[in-house]
Every structure is written in structure tokens, then in C-alpha cells.
Amino acid sequence: MRICARICLLLLFGALLLAPMQSGGTAPAQEGRPLDLGLQEEAGVTLLSLDVKVRDKKGRPVRGLTLDDFEVSING
């Protein structure tokens, strides 16, 4: 993001934070409540490890398979 755009965003947020104080009220943080901007960020990672043994119709192990020989699907 360019510097000019960053400065404009900082000025906008500063004006929004100071607006309640200028109208005679108090800032939300001074009322004993945390400042809630309505923003929420979540992140997650799922690691799935499968041990697979492939056998033919007679129950003998199938050797020489690679990762490209498999397809894993979840819920279908």
C-alpha cells in the first residue's frame, strides 16, 4: 500500500476514535469496556496423516505405489 493511502487510513481511524470524545462523551475504553471495532481474524491448520497399506484381491501387499497413485477426499 502506498504511503499516502496509509496516512489517509490512519487519519480516518484517528478521527473515528476521537469523535466520541469531541461530542462530550467519553471514549469506550474509558467506560471500562474494551474497544470493539467489529473486526475478527481466525486462522487454522489441519494436519492429516494417513498410514495406508494397499493389498490386492488375494491380500498380498501392492508395492511400488507413489503419492500420485492415491486420491484422498473428505466427506465424499
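Tutor: Partly exposed means a relative accessible area between the buried limit, under 20%, and the exposed limit, over 50%. Keep that in mind for this predicted model.

Student: Where does Arg60 fall, then, and what is its relative accessible area?

Tutor: Arg60 has a relative accessible area of 46%, so Arg60 is partly exposed.

Student: Which residue does the side chain of Arg60 meet in a salt bridge?

Tutor: Start with the general idea. Side chains of opposite charge can pair when their charged atoms come close. Here the partner of Arg60 is Asp56, at 3.1 Å from N to O. Asp56 is partly exposed as well, because its relative accessible area is 29%.

Student: How many salt bridges does the structure hold?

Tutor: The count is 1.

Student: Now the fold. How many helices and strands does the protein chain have?

Tutor: The secondary structure comes to 1 helix and 0 strands. The helix is α1, residues 3-22.

Student: What share of the residues is buried?

Tutor: Of the 76 residues in the protein chain, 1% are buried. The accessible surface is about 7,900 Å². Carbon and sulfur atoms account for 57% of that surface.

Student: Which residues make the nonpolar surface patch?

Tutor: Leu48, Leu50, Val52, Val62, Leu65, Phe70, Val72 and Ile74 make the patch. Its area is about 760 Å².

Student: Take Val72. Is Val72 buried or exposed?

Tutor: Apply the cut-off: exposed means over 50%. Val72 has 57% relative accessibility, so Val72 counts as exposed.

Technical notes
Residues numbered from 1 in each chain as written. Predicted model: local features only at pLDDT ≥ 70, side-chain atom pairs only at ≥ 80, totals over all residues. Heavy atoms only, no water. Patch = residues over 30% accessible without salt bridge, like charges linked within 9 Å, V, L, I, M, F, W, Y side chains within 5 Å. Areas by Shrake-Rupley, 256 points an atom, 1.4 Å probe, with all protein chains shown as cover. Salt bridge = Lys/Arg side-chain N within 4 Å of Asp/Glu carboxyl O. Helix = DSSP H or I, 4+ residues; strand = E, 2+ residues; numbered from the N terminus. Buried < 20%, exposed > 50% of the residue type's maximum accessible area, 1.4 Å probe, protein only.
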